[in-house]
Amino acid sequence: MGWVDWQPFSYRNEQQQIRGLDVELLNAIFLRAGYQAKFSEMPWARVLHELKFGTVQLAMSANITAERQQYARFSHPYREEETVIVVRRQDAERWRGITTLEQLVDTPDFHIGVLKGFDYGNTFRKLMARPELQPRLQMRLRLEQLLKMLQGGRIQGFILDPNGLQEWQGQNEVQNKLHILLRIELTPVHLILSKESTTETQLQRINQAIDQLKQSPDYRQILDRYRFSPQHPSAPQHQ
């Protein structure tokens, strides 16, 4: 199992135990499937590389893309993630006229930070392919790098699941300086399995376990433990 330090989805607690929303869901899935996970921490770009060669068999929280389908199998979706664009709170009034992605594309002085190797769903995937947006995309390996770029004015916003803001929960000076400008879409996320070192039978076993978990009270209890809703009353709500 390749995993990335990404609160609240997967991280080490004070006792250095691996915890998080995805980790709890995975353990509940594996309990039902009769499997046990062995975790190896590495950057997401390397997780995908290792999946290609089968040295990592499985990873969490993956979107389906055509490129990944060449070397990986995908489980049934086991949760949803939201895609939002976050700006500095001090800039919220400046950008409040941007209420759609098309308006964002048409704003040449708005540069966007994204995490390298991450996929943000179909809507943003199409946006990133637009030639006029290419020079305005800044890719980095870690969210902390994007935050520093945002605070320094080198980018005007970055994209993430708002649950990722929990990394700074307790650092109110950080959270209070951020504002959700656009809520883009909800995307189903999957477990991703290496074609090189897993079988279709194993995938079916995992899919059955996911279906069983989603029908049990354990599923909602795990999701509710990690639910996070930053207060941005002026932000449009996802429909």
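Helix axes are taken here as lines fitted to C-alpha atoms over the stretch in contact, and the angles between N-to-C directions run from 0 to 180 degrees. The structure is a predicted model, in which local features need pLDDT of at least 70 and side-chain atom pairs count only at pLDDT 80 or more, whereas totals for chains, interfaces and linings use all residues. Residues are numbered from 1 along each chain as its sequence is written, and side-chain values use heavy atoms, with hydrogens and water left out.

The chain holds ten helices and eleven strands, where helices (H or I, at least four residues) and strands (E, at least two) are DSSP runs numbered from the N terminus. Of its 239 residues, 52% count as buried, a term that stands for under 20% relative accessible area, with exposed meaning over 50% and partly exposed lying in between (1.4 Å probe, protein chains only). Among the contacts in the chain with a separation of 6 or more, 75% come from residues 24 or more positions apart, contact being defined as heavy atoms within 4.5 Å.

Two packed helices are described by the angle between their axes and the distance between the axes. The axes of helix 1 (residues 21-33) and helix 10 (residues 217-225) come within 9 Å and cross at roughly 165°. Helix 1 is therefore roughly antiparallel to helix 10, given that angles under 35 degrees count as roughly parallel, over 145 as roughly antiparallel, 65 to 115 as roughly perpendicular and the rest as oblique. The contact is formed by L21, E24, L25, A28 and R32 of helix 1 together with D218, Y219, I222, L223 and R225 of helix 10. These residues divide into six nonpolar, no polar and four charged, where Ala, Val, Leu, Ile, Met, Phe, Trp, Tyr, Cys and Pro count as nonpolar, Asp, Glu, Lys and Arg as charged, and the others, Gly among them, as polar.

Helix 1 also packs with helix 9, at an angle of about 115° and with the axes 8 Å apart. Helix 1 and helix 9 are therefore roughly perpendicular to each other. On the side of helix 1, the contact involves L25, A28, I29, F30, R32 and A33, and on the side of helix 9 it involves R205, I206, A209, I210, Q212 and L213. The residues of this contact of helix 1 with helix 9 comprise nine nonpolar, one polar and two charged. Helix 9 (residues 200-214) also contains N207, which counts as buried because its relative accessibility is 9%. Apart from its neighbours within four places in sequence, N207 is in contact with S75 and H76.

In strand 10 (residues 157-160), G157 and I159 point one way and F158 and L160 the other way, and all are buried. Strand 10 pairs with strand 7 (residues 79-88) in the antiparallel sense over three bridges, pairing being assigned if DSSP finds at least two bridges between two strands. In strand 10, F158 stands opposite V86. Strand 8 (residues 112-115) runs parallel to strand 10 and is joined to it by two bridges, with I112 standing opposite G157 of strand 10.

T65 lies in the loop between strand 5 (58-62) and helix 3 (66-69) and is buried, with a relative accessible area of 12%. Leaving aside neighbours within four places in sequence, T65 is in contact with F74, D119 and R125. T65 and R125 are 60 residues apart in sequence, and their C-alpha atoms are 9.5 Å apart in space.
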